[in-house]
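Hi everyone, thanks for coming.

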Amino acid sequence: MRKAYQLGFANIEDELVIDKLSVTGKLPEWVEGTLFRNGPGMFKAGNQDYRHWFDGLSMLHKFSFKAGNISYANKFLQCKAYHEAKENNRISYSEFATDPCYSLFDRVKEIFDPKITDSAKVNVARLGGKFVAMGEPSLQMEFDPDTLNSLGVYTYDDKPKQHITTVHPHEVDNEVINLTTRFGRVSSYRFMSRPEGENPQLIASHKVKEPAYLHSFGLSPSYLILTEFPYVVNPLKILFHAKPFIENYVWKPRRGTRIFIFNRKNGTLVKQFEADPFFAFHHINAFERGEELYFDIVTYPDPEIIQSFYLDRIRSEGKKLPGGQIRRFHADMAGNKDISYRILSDEAIELPRFDYEHYHMDSDYRYVYSVGVNKAGNNSFYDQVVKSDLKTEQAKIWHEKNCFPGEPVFLANPNRKSEDDGVNLSVVLDEANGNSFLLILDSVTFTEIARAVIPQPILFGYHGNFYLNN
Ligand code: CO
């Protein structure tokens, strides 16, 4: 049976520039700036299909709010993986779960010079004043915020082909901190810092025999938090590119989840804990109360969620998507107690956002905004937006029939009176009308204030950020 959200995994290759979107409702006057979104723009090259939601080639989207209007533009990220796919009508670069079809000769060549994708599709960041499209291979792409044209590769480290990075750097105190994994004879996790206007610096590193797949990390005022799930890889398999990237990783639950906590100032390993085996993409917030360290993560019992994002499965099965659960971990940094956790939400969530101004500053941070899977339905994809109140453990939900929302970016009202005084911006696929719209929610009541209609569908994306005009 055809799934209602099929359109979100199609090929939408038209690049638009629209000065004024049709808006219903009234936009708050204080919202002035631009929302950039990143995600797949095509799941096909010629007649070859990509296999996984995380494979499609990057398309950037831009929604600019000015004087009560919203303009829109979208453009494929101008990179080699895109140009070669268009010119040769075939998949030419390795993505997350898809490799090109190799001839024997190519296979040998690939071992010595792998064609790793430069289609940086997962997130958008402003690093040292530059707008950068971010992907997991360490080949980030700078782009022009006005035209969305690519301005060239931006790297953190000297051996981009031998390491990967998270797409969730933290930007605090004029410094960008990120976690990379270097594969080699000796592999290592490396926390990199890039103070504004300076070259990247190594701030902590840890040798590892079988690196885990890591998508984010935690940062508190004093600590760097590395949560190593038992979803690990023999580094030789990455270096010799035995299979598509993610398929080299193996779930080894008996290892448990190892949590390494480093001193942020001098990079030393302060504590190491072992927790039950679990998997996650996203850390949320991390904060301290005296010697107590707390950090929140959207967790799953295993990495089945990655399997659920294979396109044949999304398109055909009626199986419900595994739901992420917010766990708050607690580590006593002064004592000898083991690590513990508590569950803070019973809604199935993913793509968490919160008020970044409260990042590791405020132990009373209270709200997480995310997408989720409706309990009453049977959708294999996200069909609602959820506001989780971590204090009451209650949730508010926005849900509309045949609508499939993306990550709800939170934007605080500059004159706010409460943490949640602001709006959430989410790109929603409207299956009944065959297009997408930008939903603007009041973050307090979690009800719609306005929506801006795009005349075509936008494929399901991953992450994005809003930047105020300045
Ligand atoms: Co992410």
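Let's start with a quick one: is Arg51 buried, partly exposed or exposed? Arg51 is partly exposed, because its relative accessible area is 36%, and the cut-offs here are under 20% for buried, over 50% for exposed and partly exposed in between, with a 1.4 Å probe and protein chains only.

Before we go on, a word on what you're looking at. This is a predicted model, where local features need pLDDT of at least 70, side-chain atom pairs count only at pLDDT 80 or more, and totals for chains, interfaces and linings use all residues. Residues are numbered from 1 along each chain as its sequence is written, and side-chain values use heavy atoms, with hydrogens and water left out.

Okay, back to Arg51. What does Arg51 form a salt bridge with? The partner is Glu247, and the closest N and O atoms are 3.0 Å apart. By salt bridge I mean a side-chain nitrogen of Lys or Arg within 4 Å of a carboxyl oxygen of Asp or Glu. The two sit 196 residues apart: Arg51 is in the loop between strands E5 (48-49) and E6 (57-66), and Glu247 is in the loop between helix H3 (235-239) and strand E20 (250-251).

The whole structure has 20 salt bridges. Another one pairs Glu210 with Arg255, with 3.8 Å between the closest N and O atoms. Glu210 is in the loop between E16 (201-208) and E17 (218-219), and Arg255 is in the loop between E20 and E21 (257-263), so this pair ties together parts 45 residues apart in sequence. Arg255 is buried, at 17%. Glu210 and Arg255 also belong to a network of salt bridges with Glu228 and Lys252.

Now the metal. Which residues coordinate the cobalt ion? His168, His215, His282 and His463 do, each through NE2, at 2.0 to 2.1 Å. Donors here are N, O and S atoms within 2.8 Å of the metal (3.2 Å for Na, K and Ca), and since water is not among the atoms, sites may look incomplete. Along the chain the spacing reads H-x46-H-x66-H-x180-H. His215 lies in the loop between E16 and E17 and His282 in strand E23 (279-289), so those two tie together parts 67 residues apart. Both His215 and His282 are buried.

Next, the nonpolar core, meaning buried Ala, Val, Leu, Ile, Met, Phe, Trp, Tyr and Cys residues joined through side-chain atoms within 4.5 Å. The largest one has 117 residues, and Trp53, Tyr213, Ile246, Tyr249 and Phe309 touch the most other members.

Last stop, a sheet. Five strands form an open one in the order E1-E7-E6-E3-E36, with antiparallel pairing; strands pair if DSSP finds at least two bridges between them. E1 (17-18) and E36 (464-468) are at the edges with a single partner strand each, so one side of each has no neighbour in the sheet. E6 and E7 (69-76) are joined by 8 bridges, and Phe65 has Ile70 in E7 as its bridge partner.

Conventions: Helices (H or I, at least four residues) and strands (E, at least two) are DSSP runs, numbered from the N terminus.
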